[in-house]
Amino acid sequence: MTTSAIRVLVVDDEPAIRRALRPPLTELGFEMTEASRGEMALELLRTEPFDAVLLDVNMPGIGGIETLRRIRSMAPRLPVIILTVRDREEEKVGALEMGADDYVTKPFGVRELVARIRAAVRRVQAPPASEDAVIEIGEIRLSPSRRSVTKRGHAIHLTRKEFDILHCLMSRAGRVITYSRLLTAVWGADCREEVEYLRTFIRQLRKKIEDDPAHPRYMLTDIYVGYRFADQQMLDDQDASATQSLSTSDAEPASNLSIGTGQ
Amino acid sequence: MGAIRPRGLSRAFRTARGAGASAAEMRNLHEFTRSTLQMNLGVKPGPHIAEQLHTLFELDAVALFDADLREVYTAGKWSVDVNELAQNVYHFESSDDDRHTGISRRVIRLGSVPIGSLVLRGDVDPLTSSALAGIIAITFDRFRATANESRIEAEREAERMRATVLDSLAHAYKTPLTAIRAASSGLAEMGHLSAAQAELVSLIDEQAALLNELTNRLLTTARLESTDVQGTRASLQLEQVSAASLIDEIVASLGERSAANEIRIEILPTEFAFPCDRRLVSMLLTQYLDNACKYSDADSLITLRAERSETEVLLSVHSFGDIIPPSDRERIFDRYYRTSAAATRAAGTGIGLSIAKNAAAAHGGSVWVAAGERGGNTFFAAFPIASEAPSSSTDAERNIA
């Protein structure tokens with residue numbers, strides 16, 4: 001992992017939340033700077049270097065979304081993780097499509113938050129892979145040039161569209177891909193609304209890829225937002241929590257991934 | 001005259017014009033009708049009517065009994081106990097004209113139902129008195145209809161307010177909850193805790209999570225009920241939903257909550273889709289499954305079935321566990337109701353099933369629970385579907401707001 005401290009800018013108008021985050025983030029190797037408004041955050045970003053931004057969406061002043069837009073125009077690659085509440089899926093989707101790297105739903109656990117920040121920083125720091133490079137995550141191996149997929153060395157037969165979906169997800173592993181982005185990438189912009197169609201394909205894909213499609217390990221659902229393919233770190237975390245919880249069943253997706261299921 | 005006469009008025013006029021009524025009385029009758037039609041129906045009409053009859057028809061005295069409000073309105077001077085007089089006219093349904101005393105008594109009827117009485121003393125044609133009783137009946141009725149309407153409107157308004165308050169309250173809870181959760185989970189992540197400290201920290205974390213769940217449910221209820229109350233289903237986001245992918249998603253999202261049970265899925269026919277609000281139906285099924293996991297015997301089988309017939313889609317969740325007594329079967333869908341057994345067995349909020357009920361109701365469907373044939377309980381949710389008209393599915397899709 002990173003040797004030097006990750007410099008994170010926490011932007012939230014609630015002092016209690018900033019106060020609660022400072023001790024654990026500092027203890028866990030982050031260097032935390034606070035801003036209570038978007039305007040203030042933009043000011044800080046102009047003068048100080050940061051590795052990641054934690055950005056609340058609902059703030060007075062210009063608000064989180066506008067702050068995000070301005071951050072993107074000045075720092076296109078700076079990891080931005082937005083903080084939002086459960087029943088605001090449109091907000092999540094909107095922020096993701098405006099270039100947020102990820103989101104965390106309030107109230108969140110520190111472990112989940114830290115994992116998200118680290119993953120986003122890691123992705124930015126990783127050297128960009130070439131379009132044709134083979135992608136290998138867990139037991140799944142995808143070769144773009146040969147358009148082939150194997151699991152534990154065995155070939156998996158996929159239709160053309162299934163392959164395209166998987167390629168799109170695996171090449172951005174760890175990131176949530178919104179429905180409309182995935183639909184646009186695979187079928188074109190005309191189909192960006194056909195979510196139910198996409199769900200059917202994902203269902204077929206899970207049957208081919210997952211050991212237990214009812215408890216997917218790789219192809220995870222962010223309910224009402226999109227899908228994400230687990231990256232290596234997430235798979236390791238799944239394994240760790242499975243052993244920890246003494247669960248006899250398959251590894252669960254990290255609890256943060258079942259957003260919106262508590263209703 | 002701009003006002004339109006309600007039905008029944010014409011008859012009153014024909015009666016009065018038939019014989020006797022003078023031209024002046026006819027003009028007064030017109031004037032009286034005009035003013036009752038323009039009356040502010042937000043206030044009870046009785047006092048104003050009595051006053052107007054008195055001056056307009058130059059009567060000695062007027063008494064008017066509104067049986068619904070149980071009030072007598074008078075104008076002019078009465079030497080007898082007119083309250084009793086007016087009420088007796090109503091109770092004994094006696095309409096007559098006494099030439100000696102100059103008193104006319106009329107039962108005010110709506111159709112054949114007496115709703116009050118009118119007693120006049122003065123020089124007025126009997127037919128005019130009858131016409132007046134008819135006009136007053138219509139006015140009383142219009143007042144009642146208006147009052148009813150505004151009462152319903154007021155109830156709706158109160159319900160909307162309640163939902164709004166609940167909604168903002170729930171959102172206001174999120175900030176302290178986030179701080180608590182961040183602090184408790186942060187403490188745990190930082191380590192250096194003794195076993196006892198770790199135990200307390202995890203208790204805080206757990207309870208914060210419970211409080212959050214409760215808050216989410218309140219939010220959902222508030223939203224569902226505010227939809228409900230507006231009397232429209234406009235905010236339902238209807239789309240064609242494939243039962244199989246919906247169920248897959250729900251089961252997957254249960255995560256470790258379902259770890260202690262095996263869930264069997266039966267879908268008939270295997271691939272079917274139906275128009276519904278995906279979010280609401282998934283909330284309902286999640287609730288059923290959550291309950292099944294929570295209250296069923298460990299390691300027992302949970303069966304989730306989705307069946308489509310010509311007229312409806314029937315979803316059901318069966319689990320083995322203590323049978324819900326018949327007396328509880330309806331009430332468990334009421335908000336905050338928890339069976340005595342549930343109250344002692346597992347943590348719950350008593351809101352979940354009422355959400356399920358509202359979610360089905362929003363689709364025009366229904367929910368119920370029955371004892372399973374092989375023991376345990378089966379929770380059902382039925383969603384009516386339009387018959388297999390080929391256009392129905394696309395219509396539903398187009399209706400998405």
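Mentor: Let's begin with confidence: pLDDT is the predictor's confidence in each residue, on a scale from 0 to 100. The model is predicted, so local features are described only at a pLDDT of at least 70 and side-chain atom pairs only at 80 or more, while totals for chains, interfaces and linings use all residues. Residues are numbered from 1 along each chain as its sequence is written, with chains lettered from A and ligands numbered from 1 in the order in which they are written.

Helices (H or I, at least four residues) and strands (E, at least two) are DSSP runs, numbered from the N terminus. In chain A, strand E1 (residues 6–11) has the highest confidence, a mean of 97, and helix H9 (residues 232–244) has the lowest, at 81. Residues 246–263 of chain A have a pLDDT below 50, yet this stretch makes 53 contacts in the model beyond near neighbours in sequence. A contact here means that the C-beta atoms of two residues, placed from the backbone, lie within 7 Å.

Now the sheet of chain A. Strands of a sheet pair through backbone hydrogen bonds, either parallel or antiparallel. Two strands count as paired if DSSP finds at least two bridges between them. In chain A, five strands make an open sheet with parallel pairing, in the order E2-E1-E3-E4-E5. Its edges are strand E2 (30–35) and strand E5 (102–106) of chain A, each pairing on one side only. On average, neighbouring strands of this sheet are turned by 20 degrees against each other, direction ignored. Look at E1(A) and E2(A): these parallel strands are joined by six bridges, and Leu9(A) faces Thr33(A) in E2(A). Helix H2 (residues 38–47) of chain A lies across E1 and E2 of chain A, at about 155 degrees to E1(A). Such angles run from 0 to 180 degrees between N-to-C directions, and axes are lines fitted to C-alpha atoms, for helices over the stretch in contact.

Chain B has an open sheet of five strands with antiparallel pairing, in the order E2-E1-E5-E4-E3. Strand E2 (71–76) and strand E3 (96–98) of chain B each have a single partner strand, so one side of each has no neighbour in the sheet. Neighbouring strands of this sheet are turned by 15 degrees against each other on average, direction ignored. Strand E1 (residues 61–66) of chain B pairs with E2(B) in the antiparallel sense over six bridges, and Leu64(B) stands opposite Tyr73(B) in E2(B). Helix H3 (residues 46–56) of chain B lies across E1 and E2 of chain B, at about 25 degrees to E2(B). Helix H5(B) also packs on the sheet, touching E1, E3, strand E4 (103–110) and strand E5 (113–121) of chain B, with its direction at about 35 degrees to that of E4(B).

H3(B) has a helix partner too. Helix H2 (residues 23–37) of chain B packs on H3(B) at an angle of about 160 degrees, their axes 11 Å apart. H2(B) and H3(B) are therefore roughly antiparallel; angles under 35 degrees count as roughly parallel, over 145 as roughly antiparallel, 65 to 115 as roughly perpendicular and the rest as oblique. In this pair Asn28(B), Glu31(B), Phe32(B), Ser35(B) and Thr36(B) of H2(B) meet Ile49(B), Gln52(B) and Leu56(B) of H3(B). By class, this contact has three nonpolar, four polar and one charged residues. The classes are simple: Ala, Val, Leu, Ile, Met, Phe, Trp, Tyr, Cys and Pro are nonpolar, Asp, Glu, Lys and Arg are charged, and the others, Gly among them, are polar.

The axes of helix H6 (residues 160–170) and helix H8 (residues 195–209) of chain A come within 10 Å and cross at roughly 85 degrees. H6(A) and H8(A) are therefore roughly perpendicular. Their contact involves Lys161(A), Glu162(A), Ile165(A) and Leu166(A) of H6(A), with Phe201(A), Gln204(A) and Leu205(A) of H8(A).

Finally, see where the chains meet. The contact takes 38 residues from chain A and 37 residues from chain B. H5(B) gives the largest share of the side of chain B that touches chain A, 13 residues. By class, that side of chain B has 15 nonpolar, 13 polar and nine charged residues.
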